[in-house]
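Let's take a friendly tour of the aromatic side chains in this model. Have the sequence and the 3D view at hand.

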Amino acid sequence: MPAQLGPVVTKMPNYPFNALILAAGLGTRLRPHTCYVPKPLFAVAGRPILDIIICRLIDAGAGRIAVNLHHLPEQITEFIKSQNYPVPVIVRYEPQLLGTGGAIGNFADVLGRGPFVVINSDILTDISIPALVQQHRSHKPAATLVMHDCPAFNKVAVSPDKDIINFDPGPGEKERLMAFTGLQVIDPAIYDYIEPGKPVSSIDVFSAMIADGHKIKAMEVRGHYWNDLGTPESFRKGVIDTLAPEIFKQHLGQKTTFDKIQCQPLAGDGSDRKWLRLISGDKSIIVADHGVQTQNEVTEFDSFVSIGNHLFAKGASVPEIYDHDKFSGLAFAADLGDTLLQAALSKTADADIIFTYYTQIIKSLIFMHNLGKEGFDPAWAYQGPVYDRQMILEKEGLYFINAFLVNYLEMKNIDKDGLVFEFSAMADVTAACGHYGFMHRDLQSRNIMVTDKGFFFIDFQAGRIGPIQYDLASLI
């Protein structure tokens with residue numbers, strides 16, 4: 001874990017332990033993305049969360065690590081085989097989900113006769129595993145569960161002596177309620193409460209053990225980092241928390257930590273992307289959230305990053321992209337403020353000001369058209385390598401019919417064949433007479449930012465080589 005995510009205890013235990021990572025979940029809250037990639041392989045800053053957890057367990061002293069599997073097991077198995085970890089990592093497929101308790105029983109031969117660590121596979125945290133193991137060894141309860149105060153998840157009753165009293169307290173519960181972090185150490189006594197091969201929840205098992213007089217202890221932690229990555233929002237937060245502090249430091253000279261960064265949602269632009277502003281002190285960064293990327297083909301995210309970096313390197317008036325994270329679909333870019341050309345023009349009727357604005361913008365546009373063409377890789381374009389006749393028909397003509405005539409004007413009995421004939425003629429003229437360069441393809445007044453340093457073009461991800469007259473017509 002990056003140091004900025006909280007304190008890291010590096011003291012190692014003087015005894016080995018084995019561990020189980022619970023990785024058989026279906027990831028329903030992250031669908032449809034988990035239909036293609038299992039949740040444990042969701043990558044945070046380029047590393048699957050499963051790899052992060054395995055490495056933390058190894059660093060903490062784990063001698064053997066078990067991983068239970070159910071959903072898309074082949075992907076996880078192949079990933080583990082490819083890593084060549086220095087300790088055995090044993091996987092077992094569960095044809096029928098056994099629950100958290102059943103999974104523990106299914107690995108009794110691997111986990112052994114000493115205390116073992118169990119951790120959920122979707123938890124991003126810097127909680128000290130060695131400190132947890134040491135505390136458990138010192139107090140010798142049947143289990144030690146790491147608990148914290150997290151109001152959204154506070155559902156477990158804990159006594160002042162840190163005994164877990166109830167996992168399902170009623171409205172009249174007088175004991176303090178805390179949240180389970182998904183990290184725990186368990187004694188082999190739990191095996192007596194698990195019927196081999198039968199599904200059971202570890203919470204039900206713990207409840208039965210408490211009823212029989214076993215002690216289940218809480219280890220309370222504070223000042224740590226913890227995030228359940230089980231939803232798109234929490235996964236995005238985990239990536240931002242990991243990457244943003246270093247981006248602020250490297251690109252803006254602002255030393256900060258994840259808990260000192262404010263995140264403000266911004267108005268959308270009509271696409272599926274979400275926009276965020278990260279603020280630390282007097283510095284800020286814009287985040288373009290394209291959503292989780294599980295596709296193999298070039299996506300809008302890929303085009304945004306590749307084309308943006310290319311144009312910026314050529315000196316075009318576009319925001320610098322500081323960093324990006326492929327799997328999460330997050331791109332971190334320079335903050336150009338909030339003033340769109342559309343808004344700036346609506347505040348003035350002065351023809352001279354308007355003429356000056358457009359003159360400067362067109363000069364910058366010509367610069368981008370010419371230099372943007374140099375070294376442009378057609379493979380960066382996510383809707384086809386070039387703006388050709390077929391694209392004109394599909395993405396312009398048919399889009400006009402469906403989006404404007406049918407959906408907006410609600411016109412009936414449209415002569416589509418006749419319109420397609422006209423569009424075909426227009427496409428032929430455009431292809432024959434166009435002057436080709438880098439084409440932005442969505443150059444309208446809401447995609448131009450007005451700043452004290454001039455005008456900047458945004459939303460360039462649809463760019464490609466094509467007739468540059470298109471951009472000028474869009475602008476005017």
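What follows is a short briefing on aromatic pairs, an aromatic cluster and a surface patch.

This is a predicted model, in which local features need pLDDT of at least 70, side-chain atom pairs count only at pLDDT 80 or more, and totals for chains, interfaces and linings use all residues. Residues are numbered from 1 along each chain as its sequence is written, and side-chain values use heavy atoms, with hydrogens and water left out.

**Aromatic pairs**
- The whole structure holds 15 aromatic pairs (rings of Phe, Tyr and Trp, the last by its six-membered ring, with centres within 6.5 Å; planes under 30 degrees apart are stacked, over 60 edge-to-face, the rest tilted).
- Phe235 is buried, at 2% relative accessible area, and Phe327 is buried at 13% (buried is under 20%, exposed over 50%, partly exposed in between, with a 1.4 Å probe and protein chains only).
- Tyr357 and Phe455 are also edge-to-face, with 5.1 Å centre to centre and 70 degrees between the planes.

**Around Phe404**
- Phe404 belongs to helix α11 (residues 389-408) and is partly exposed, at 36% relative accessibility.
- One aromatic cluster is formed by Phe400, Phe404, Tyr408 and Phe423.

Key. Helices (H or I, at least four residues) and strands (E, at least two) are DSSP runs, numbered from the N terminus.
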